[in-house]
Amino acid sequence: MLEAFLTSTIAMATPILLAALGETIVEYSGVINIGIEGSMLCGAFFGLAAAYFSGSLALGMIAAVAAAIALNALLALLVVNLAVSQVVAGTALDILALGLTGVFYRRLFGITGKAFTVAPIRPIALGPLAHIPVVGPALFDQNVIVYAAFALVPCIAGVLSRSRYGLELRAAGERPEAADALGLNVYRIRWQALLIAGALTGLAGGYLTMAYADTFVEGISAGRGFVALAVVIVGRWNAYGVAAASVLFGSAMALQFALQASGTAIPYQLFLALPYALTLAVLAIFGGQANAPSALGEPYVRR
Amino acid sequence: MKAGIIAKPIAAVILAAALIALVLLALGASPFGVMGALWQGAFGTWLAFTETLVKAMPLVFCGLAVAIAFQGALWNIGADGQLIAGATLAGALGPALTHWPHLLAIPAMLAAGVAGGATWGGVAGWLRARRDVNEIISTIMLNFVAAQILSAAVHGPLMEPSRAYPKSAPIAPGAELHLYFAPSRLNLAMALAVALAAGCYLFLFRTRAGFELRALGRNRRASAFFGIPIARLTTRTLALSGALAGLGGAVQVSAITHRLYETLSPGWGYEAIAVALVARLNPLAIVATAIFFGALDNGAQAMQRAEGVSPVLVQVIQGMVIMILLAFDTSAWSGMRTVFAGAPTVPAANTPAAASDA
């Protein structure tokens, strides 16, 4: 019971973590990406579609990443170059993604009723570690994307806090004018950040359909992108904090299955609402945006 | 400049239509067939036209909700949840109003809608004002919570007595808004929606409170400096915004569905963002843009029957229209140069700081 819950927690935390790591980088550069939900959804659909028609999971993951990067590039064009409202452009991207995936999904699979599924990415047990009681399966018997997501945490933390690239990101997000005056190209930094985040969000989407659910349903991302936005705040724009917050929200999602399975009299819908209600509660307690990059959400126009 | 206010949205819609045609070709459908079916479905007959107005109604309420909040730079993405909260409260009250006369029952329904929506919006406002919680995220989360509460309600405490389907018991006859134009579902609530739009316009542009709200939207820090009570205004604005959406929910239950269903809203709150933006956040223009998007929703059903293209295509159109409009509106086209030129080439020291108002 506990073992299954922990395994499910890590599995549920992974897509949120991947998306939230990408969003951390984007927010460091001064952009808030509300379109993250749409990127994840497009990655989920187009990745699975590519895997389904090509028979290759690797091609599927590449397509998932490419789809999400394409969407983020569209967003970058709007919010970086054209300096439009980041909130509105991101929301438009979410609506667009919901429509695009829905239209193609129904056209390709709605009428024929063919099963839109692939053999999922298999877990790789890490030798004897996987047999450790309670935590073994959760930590050491997962698929390669899960390992990659958690391995990325210290890498991204290191890059953000110790590298020149991290410093440039921070400059673009804290004082874009000053960064510009120092000869940094704020536009390019924000573009790069959005493309990197696109890759991570695409992985998250591909994970949903090719490792977690093995299939696609409309709106399969189910707010995970939005939860990732909250995770970045709760994690205080720090990769380790983001990882901890992702696991917390993963556990809320896993809890809903455990509680449903336990057959209580409480309506299951309230369990479904749990991760979102938890997001609200956690934000209400830790919500302050004091650690946010100073120029977060503000378009930068070079004079 | 004045002409641009009307010309730009129209140009945006035309450009979006061209892009949609490409999507349709990719799907193997005929763009002209689809557009024809859309038009027929939305305006082809008197009944189709009235149904377009019916589809536009919730969009007016939610569009006003979005416009009021966005005018204050409060990003309410939660009109959907607020509409559901209002509808749920009204739908819970409705069946209890047996033997109530219309004159009491209908105001009670509407009041329930206002209360539900204002609470849902007010929570986000309070969180923003007092706990510094980003309202974008809180309103989105509240959408999910509201949808699940409605689902739990119609599967549980509010489920119809026969317990056959996940829907609530019908509201009392007194709580039903009359349909004077049967067989069409057009009703007097459309007049209420138009009146509210006028009211919102007067509020925003002719009252001190509306001025303060718009000032807040332009510059939060300066507003605080001039003594505008930011925290209170934030909570109040999001509550008002939620109340408008919640009222729309109550009207929907009172006039159209007469009971609660799990799938009450097909995402009106999100669509309303497009409605409000195309209308430039002007409440009067929202009536027109809501009818435009209502026509798309209504025509989409006919499009599916005739051309086999799913109605979710409408969302593709919405997303594209918003993006194109944003691109048309921006004053920062100079930013495009840096995409193609690698490094920015604009001399930095040329413009005085005072000119920086983009």
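Predicted model: local features only at pLDDT ≥ 70, side-chain atom pairs only at ≥ 80, totals over all residues.
A residue counts as buried if 20 or more other C-beta atoms, placed from the backbone, lie within 10 Å of its own, as exposed if 12 or fewer do, and as partly exposed in between. Residues are numbered from 1 along each chain as its sequence is written, and chains are lettered from A and ligands numbered from 1 in the order in which they are written.

Helix 4 of chain A covers residues 86-110 and reaches 34 Å from its first C-alpha to its last, close to the expected 36 Å. That expected span is 1.5 Å times one less than the number of residues. Helix 3 of chain A (residues 57-81) also has 25 residues, and it reaches 35 Å, close to an expected 36 Å. Because 18 of those 25 residues are buried, helix 3 of chain A is largely enclosed by the rest of the structure. After this helix comes Ala83(A), with a positive phi near 55°.

## Chain B as a whole

What is chain B built from? It has 14 helices and zero strands. Its radius of gyration is 22 Å, close to the 21 Å that the globule rule gives for 358 residues, so chain B is as compact as a globular protein of that length. (The radius is taken over C-alpha atoms, and the rule is 2.2 Å times the number of residues to the power 0.38.) Those C-alpha atoms fill a box of roughly 75 × 55 × 35 Å along the principal axes.

Of the 358 residues of chain B, 53% count as buried.

## Zooming in on Ala56(B)

Ala56(B) sits in helix 3 (residues 46-71) of chain B. Is it buried or exposed? It's buried, with 26 other C-beta atoms within 10 Å. Ala56(B) and Gly294(B) are 238 residues apart in sequence, yet their C-alpha atoms are 4.2 Å apart in space. Setting aside neighbours within four places in sequence, Ala56(B) is in contact with Ala290(B), Ile291(B) and Gly294(B).

## Where the chains meet

The contact between the chains takes 51 residues from chain B and 48 residues from chain A. Helix 6 of chain B gives the most to its side, with twelve residues. By class, the side of chain B that touches chain A has 34 nonpolar, 15 polar and two charged residues. (Ala, Val, Leu, Ile, Met, Phe, Trp, Tyr, Cys and Pro count as nonpolar, Asp, Glu, Lys and Arg as charged, and the others, Gly among them, as polar.)

The model scores ipTM 0.87 and pTM 0.88. Chain B averages a pLDDT (the predictor's confidence in each residue, from 0 to 100) of 86, and 91% of its residues score at least 70. Confidence in chain B is lowest in helix 14, at a mean of 47, and highest in helix 4 (residues 79-93), at 97.

Terms used:
Contact = placed C-beta atoms within 7 Å. Helix = DSSP H or I, 4+ residues; strand = E, 2+ residues; numbered from the N terminus.
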